[in-house]
Amino acid sequence: MSDAKHVPVLLDRVLDLLAPSVAGDRPVVVDATLGLGGHTEAMLTRFPDLHVIGIDRDPEALSRAKSRLAGFGDRVTYAHAVYDEIADVVRGAGFETVSGVLFDLGVSSMQLDLAERGFAYAQDAPLDMRMNPEDELSAADVLNTYDAVDLAKVLRYYGEEKFAKRIADAVVAERAKEPFTNSARLVDLVRDSIPQAARRTGGNPAKRTFQALRIEVNDELGVYRRALPAALEVLAPGGRIVVLAYHSLEDRITKHEFARVTTTDVPRDLPFVPEGHEAKFKLVTRGAEVATEAEIEDNSRARSVRLRVVERVAA
């Protein structure tokens, strides 16, 4: 198990960006994607007055984070929930508003490390990919029940897979012989479905298919579309939301939602903004920040990260 995988992406930058929002009395930050607790551990260490509400839908991740963060005692509140339930979680923890929210999107290092969870295409494992093992839909269910058209849509949209139709047609033909249960068979099918010339670049050709299935199984984009506006609503004036996105579709959702809340409805040619029409939020980052070469060298997961931050300026 590589320690490099467990280094939180852009950790110092995230802490610096959150610092102004947690300078007041009894600050509270929601770590909406607690995972193994790396970001939370760093926040609690740097900001001694901070309370963190850690949310994760994966009970295994919560268990491991609780062990890691045990030394911080009651400075952490844990919630087994999907992060689009953020408003209910915050109220359930006894707070009306929070000083900050962190979203570190995508699959966690722990989920990739546990072969039996089926997230990693590099090792043969059951085709599961559920972030919460209590959910009903697994990757095997998607492969064995979706028709070719719907499966191709999933692969094309969520995986940005050029050969989605070829792969989907091959899956439907193969499952008629025997249902899909393990990842190695899918990896072989994807490789055989893609023209040889296209296999030479971009790493493992199964990467896009596995990403697409994971997003579909966990409704990741639907959950995030609901979670981000909910997080903006529970943010106190002066509070910040920090988003680390690793997929162009996640980053697009962030960009559009941040643009919506930082734009006034007043015509541009009006010389002043009438009272009550001011934007309630302002952008802290201009565009998306990316990782430095040094960061990528230390942590390969940082290669695709896009960081965006917004701050609430008015109630």
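Reply: Happy to! Keep in mind that this is a predicted model.

Me: Which residues make the contact?

Reply: From α1 you have Leu11, Asp12, Val14, Leu15, Asp16 and Leu18, and from α2 there are His39, Ala42, Met43 and Arg46. Sorted by class, the contact of α1 with α2 has 6 nonpolar, 1 polar and 3 charged residues.

Me: Nice. Let's zoom out: how many helices and strands does the chain have?

Reply: The protein chain has 13 helices and 7 strands. Its radius of gyration is 21 Å, close to the 20 Å from the globule rule for 315 residues, so the chain is as compact as a globular protein of that length. The C-alpha trace spans about 65 × 55 × 40 Å along its principal axes.

Me: And the sheet, what's the strand order?

Reply: It's an open sheet of 7 strands, ordered β3-β2-β1-β4-β5-β7-β6, with mixed pairing. At the edges sit β3 (76-80) and β6 (281-283), each of which pairs on one side only. From one strand to the next, the twist averages 15°.

Me: Do β1 and β4 run parallel or antiparallel?

Reply: Parallel: strand β1 (residues 28-31) is joined to strand β4 (residues 98-104) by 3 bridges.

Me: Which strands does helix α11 lie across?

Reply: Helix α11 (residues 220-233) lies across β4, β5 (235-245), β6 and β7 (306-312). Relative to β5, α11 runs at about 155°. Helix α12 (residues 248-262) also packs on the sheet, where it touches β5, β6 and β7. The direction of α12 makes about 25° with that of β7.

Me: Back to helix pairs. What's the geometry of α7 and α8?

Reply: Helix α7 (residues 148-159) and helix α8 (residues 164-175) pack at about 135°, with their axes 8 Å apart. That angle is why α7 and α8 come out as oblique. Here α7 passes α8 in a right-handed crossing.

Me: What's in that contact?

Reply: On the α7 side are Ala148, Leu151, Ala152, Leu155 and Arg156. They meet Ala164, Lys165, Ile167, Ala168, Asp169, Val171 and Val172 in α8. The class tally for α7 with α8 is 9 nonpolar, no polar and 3 charged residues.

Me: How does α7 cross α10?

Reply: The axes of α7 and helix α10 (residues 207-218) come within 8 Å and cross at roughly 100°. The two helices are therefore roughly perpendicular.

Me: Which residues meet there, and how do they divide by class?

Reply: Val154, Leu155, Tyr158 and Gly159 in α7 meet Arg208, Thr209, Gln211, Ala212, Ile215 and Glu216 in α10. The contact of α7 with α10 divides into 5 nonpolar, 3 polar and 2 charged residues. Leu155 is worth a look, as it is listed in the contact with α8 and in the one with α10.

Terms used. Residues numbered from 1 in each chain as written. Predicted model: local features only at pLDDT ≥ 70, side-chain atom pairs only at ≥ 80, totals over all residues. Heavy atoms only, no water. Contact = heavy atoms within 4.5 Å. Helix = DSSP H or I, 4+ residues; strand = E, 2+ residues; numbered from the N terminus. Nonpolar A, V, L, I, M, F, W, Y, C, P; charged D, E, K, R; others polar. Pairing = 2+ DSSP bridges. Axes fitted to C-alpha atoms, helices over the stretch in contact; angles between N-to-C directions. Rg over C-alpha atoms; globule rule 2.2 N^0.38 Å. Parallel < 35°, antiparallel > 145°, perpendicular 65-115°, else oblique. Left-handed = near helix turned anticlockwise from the far one by under 90°.
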